[in-house]
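Please keep the sequence and the model in view while reading.

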Amino acid sequence: MTTDPKKSLLVKQVEFIIAVRRTKILGIAITVGIIVIYLAGLFVADSNFIENFEIVNLISLLQLLLTIPLSFYVKKIILKKTDLSNFTVKYFNAHVIPFMILDFGALFCITTNLFVNGNILYASIGVLISVISMIMILPKEEDFEKIKSSVT
């Protein structure tokens with residue numbers, strides 16, 4: 001029996017599309033979770049205010065801003081190690097680990113600015129930055145061509 005290389009590549013491409021869709025669903029679920037925590041925090045933000053605690057609000061927002069380049073760097077590093085033989089694990093990790101980093105930064109910012117010391121402005125900026133970053137880091141089906149060309 002001879003194995004048709006195009007058929008094998010087609011099977012890999014279908015597996016890749018499935019992995020992309022699963023990873024997108026996870027990313028969207030994390031993003032929705034960030035928004036839900038933000039909306040829940042809006043109900044209690046006014047009742048939580050501590051004098052001279054604004055520096056913590058600012059630090060939490062700056063921490064979020066630092067997690068964004070870190071998450072994109074981690075994604076880039078893991079994607080460099082991804083090829084057709086290991087894409088199911090590596091490609092998933094190249095997105096899930098940055099999702100985790102961004103989620104930590106977003107939740108820390110939102111909870112600090114709404115549940116610890118009410119600052120709706122910083123929390124709103126944080127959720128906006130987080131959602132945009134999560135959308136930017138979502139996997140794309142076009143990545144298959146990059147992975148395929150890295151082997152050849």
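**Surface, contacts and pocket**

At 33% relative accessibility, Leu 58 counts as partly exposed, because that class lies between buried, under 20%, and exposed, over 50%. The structure is a predicted model.

**Nonpolar surface patch**

- Leu 58 belongs to helix α2, which covers residues 54–80.
- Together with Ile 55, Ile 59, Leu 62 and Leu 65, Leu 58 forms a nonpolar patch on the surface.
- The accessible area of these five residues together is about 430 Å².

**Salt bridges**

- Side chains of opposite charge can pair when their charged atoms come close.
- Two salt bridges are present in the structure.
- Glu 141 counts as partly exposed because its relative accessibility is 32%.
- Asp 143 forms a salt bridge with Lys 146, and their closest N and O atoms are 3.9 Å apart.
- Asp 143 and Lys 146 are separated by about one helical turn, because they are three residues apart in helix α5.
- Asp 143 counts as buried, with 9% relative accessibility, whereas Lys 146 counts as exposed, with 59%.

**Largest pocket**

- The largest pocket holds about 220 Å³ of space.
- Ten residues line this pocket, and those nearest its centre are Leu 79, Lys 80, Asp 143, Lys 146 and Ile 147.
- Helices α2 and α5 (143–151) are the elements that each give two or more residues to the lining.
- The lining consists of six charged, two polar and two nonpolar residues.

- Ile 17 is part of helix α1, residues 5–42, and counts as partly exposed at 25% relative accessibility.
- Ile 17 and Pro 139 are 122 residues apart along the chain, and their C-alpha atoms are separated by 9.9 Å.
- Val 96 is part of helix α3, residues 87–116, and counts as partly exposed at 22% relative accessibility.

Conventions. Residues numbered from 1 in each chain as written. Predicted model: local features only at pLDDT ≥ 70, side-chain atom pairs only at ≥ 80, totals over all residues. Heavy atoms only, no water. Patch = residues over 30% accessible without salt bridge, like charges linked within 9 Å, V, L, I, M, F, W, Y side chains within 5 Å. Areas by Shrake-Rupley, 256 points an atom, 1.4 Å probe, with all protein chains shown as cover. Salt bridge = Lys/Arg side-chain N within 4 Å of Asp/Glu carboxyl O. Helix = DSSP H or I, 4+ residues; strand = E, 2+ residues; numbered from the N terminus. Buried < 20%, exposed > 50% of the residue type's maximum accessible area, 1.4 Å probe, protein only. 1 Å grid on protein atoms, 1.4 Å probe; cavity = no way out; pocket = protein on both sides within 12 Å on 5 of 7 lines; lining within 4 Å. Points joined across faces, edges and corners; volume = space filled by probe spheres on them. Nonpolar A, V, L, I, M, F, W, Y, C, P; charged D, E, K, R; others polar.
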